[in-house]
Amino acid sequence: MSVRVRVARDDALLVEVDDLRAAAALDRSLAADPVPGVGQPVPGARTVLVPFDPRVVPAATLAAELRARAAVLPSGAEGAGHLVVVPTVYDGADLDDVAAHLGCSPAEVVRRHTDARWTVGFVGFAPGFGYLVSDDPGLVVPRRTTPRTRVPAGAVALAGEHSGVYPRESPGGWQLVGRTGVVTWDVRRDPPALWVPGDRVRFEAVRESVRGAGAAFGTSSPVRQLEVPNQTGSAERGGLEVVEPGLQTLVQDLGRPGHADLGVAASGAADPRSLRAANRAVGNPVGAAALETLGGLRLRAHGAVVVAVTGAPAPLSTVPDGGGPARPHHLGRAFALADGDELSIGTPPRGLRSYVAVRGGLDVPAVLGSRATDVLAGLGPDPLRAGTLLPAGPPPSAAVETGETGAPDPAALPAPGEVVTLPLVLGPRDDWFTAQSLRLLTQQEWEVTARSNRVGLRLAGDTPLDRRPALADAELPSEGCVTGALQVPPDGRPVLFLADHPLTGGYPVVAAVPAAALWLAGQVPPGARLRFRVT
């Protein structure tokens, strides 16, 4: 068996093997016999992404262990899983293009798609998104040159050798051939994912989208998975009421790692350094749930509470209950709010995201062990709205911090129009690009466009990045992606993945921002310009 280990980030390796069975075997081996310092692996079509702690195991030592282990593992398939029937209306926007690529009629595409025997190879991209492989070797189509910014929930699609069903509305670059009412992910189910690797899938052509019958099938559910209790009036204990929700204000903590087997990425604060600092300031554990906001937020205290704001330097002021002059506050320092006081958080002149921690943490329901809102996966609390009451948890034993909390210097955060330099680690797919493109990656500036969000920074440069001629039309089998990965679609305009990025992807990743610099990537506003420096 051929085994190649590639660098995916300064704390992640990508192991490339012969096929899906070999990748699944290595993933099972790491689960059954873990390597000290290694986190949860993410299997792909022919790869396994292996995160690790360099303080526990050096990269070279881990690479040698992974090569040796992958070279001798058996790659036999596990026993057949459950059968899942997916009734499908074949009216997708790309059905004609798929037929043209395959050199047949749309009706023939439908026949082949329904006749094929599909198996769940692995789960990734988003919670419940199964990468399905078939016994029809000719049913292979390229991804779209430019990904769609919106693919509806239930879309049935093809890309490379795979088929899949989008669990919820999201961006995507697969070719859409149909739609289904089957729900592949519902956090209220046990287990929440409709299928697991090894399960068998049969697509069934129907005139109307209906739920499957006679085998495992989904149940309808709302797009959002969890709402924050929307209470108003007095609270039994202190908390914060949302008066004006501001821009993209979300509940965040340090995320929900450990659920890659369900297709769930860690998510969490886009700038974890600032979230930790806000929690330290009020005496909380550093991972307590807090608010992440782009500004324009107004909160009313219920009971006496202690809060701190860190991150982007938004103007802070408090108006007492009953009116009176506004009192300004300092970023990064804890301050008290009396019952009825209103805290206003303005729009920051530089940076992007501010973090509001309340002593005791925000006591909202957790999903899969975390209170973080993942906008791509639809996990965690809904975006906030006026009237929502966010109760505080029990006060911690630690005192309010009066010294250094580890918050970034607000003056060092970039403003729109300014240039910020981010370090890069090349790989794992830098060999897909021309030498000229690799020079352009670091020599030209990249503008952060207005289409950026918590999923990723969409970048525009004077000259797009070109692949090597031999790989110009190649399809990369889907593989795990780290936060900070710089993924390059065929149009040559990179996307820098942030906290809510897909767990797996099928466009080559030319480089990644090292783990220690990810907080800064989360603070780059639209209109700023990036320069990359390869470390």
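Which residues touch the most other members in the largest nonpolar core? The model shown above is predicted, so local features are described only where pLDDT is at least 70 and side-chain atom pairs only at pLDDT 80 or more, while totals for chains, interfaces and linings use all residues. Residues are numbered from 1 along each chain as its sequence is written, and side-chain values use heavy atoms, with hydrogens and water left out.

A nonpolar core is a set of buried Ala, Val, Leu, Ile, Met, Phe, Trp, Tyr and Cys residues joined through side-chain atoms within 4.5 Å, where buried means under 20% relative accessible area, exposed over 50%, and partly exposed in between, with a 1.4 Å probe and protein chains only. The largest such core has 31 residues, and those that touch the most other members are L422, L457, L459, L486, L496, L530 and F532. At least two residues each come from β25 (419-426), α6 (435-443), β26 (446-448), β27 (456-460), β32 (509-512), α7 (518-521) and β33 (529-534), and α7 gives the most, with four residues. These labels follow DSSP runs, numbered from the N terminus: helices are H or I runs of at least four residues, and strands are E runs of at least two. Leaving aside residues up to four places away in sequence, L457 touches V448, S452, P494, V495, L496, L498, A521, V524 and L530, contact being defined as heavy atoms within 4.5 Å. Another core lies apart from the largest one and has 25 residues, including V84, V98, L139 and V165.

The helices can be followed in pairs. The axes of α3 (95-102) and α4 (106-115) come within 8 Å and cross at roughly 85°, which makes α3 roughly perpendicular to α4. Here axes are lines fitted to C-alpha atoms, for helices over the stretch in contact, and angles run from 0 to 180 degrees between N-to-C directions; angles under 35 degrees count as roughly parallel, over 145 as roughly antiparallel, 65 to 115 as roughly perpendicular, and the rest as oblique. This contact is formed by L95, D96, V98, A99 and L102 of α3 together with P106, V109, V110 and R112 of α4. Within α4 the buried residues are V109, V110, R112, H113 and T114, and their cover includes α3, β6 (118-123), β9 (155-159), β10 (162-165) and β13 (200-205).

In the other pair, the axes of α1 (residues 20-32) and α2 (residues 59-72) come within 10 Å and cross at roughly 120°, and α1 and α2 are therefore oblique to each other. Their contact is made by L26, S29 and L30 of α1 and by L66, R69 and A70 of α2.

Some single residues also deserve a look. G124 is in the loop between β6 and β7 (130-134) and counts as buried because its relative accessibility is 0%. Although G124 and V264 are 140 residues apart in sequence, they are 7.3 Å apart in space, C-alpha to C-alpha. Finally, E479 in strand β28 (residues 479-480) counts as buried at 3% relative accessibility, and, residues up to four places away in sequence not being counted, E479 touches L14, G44, T47, P428, R429, L503, T504 and G505.
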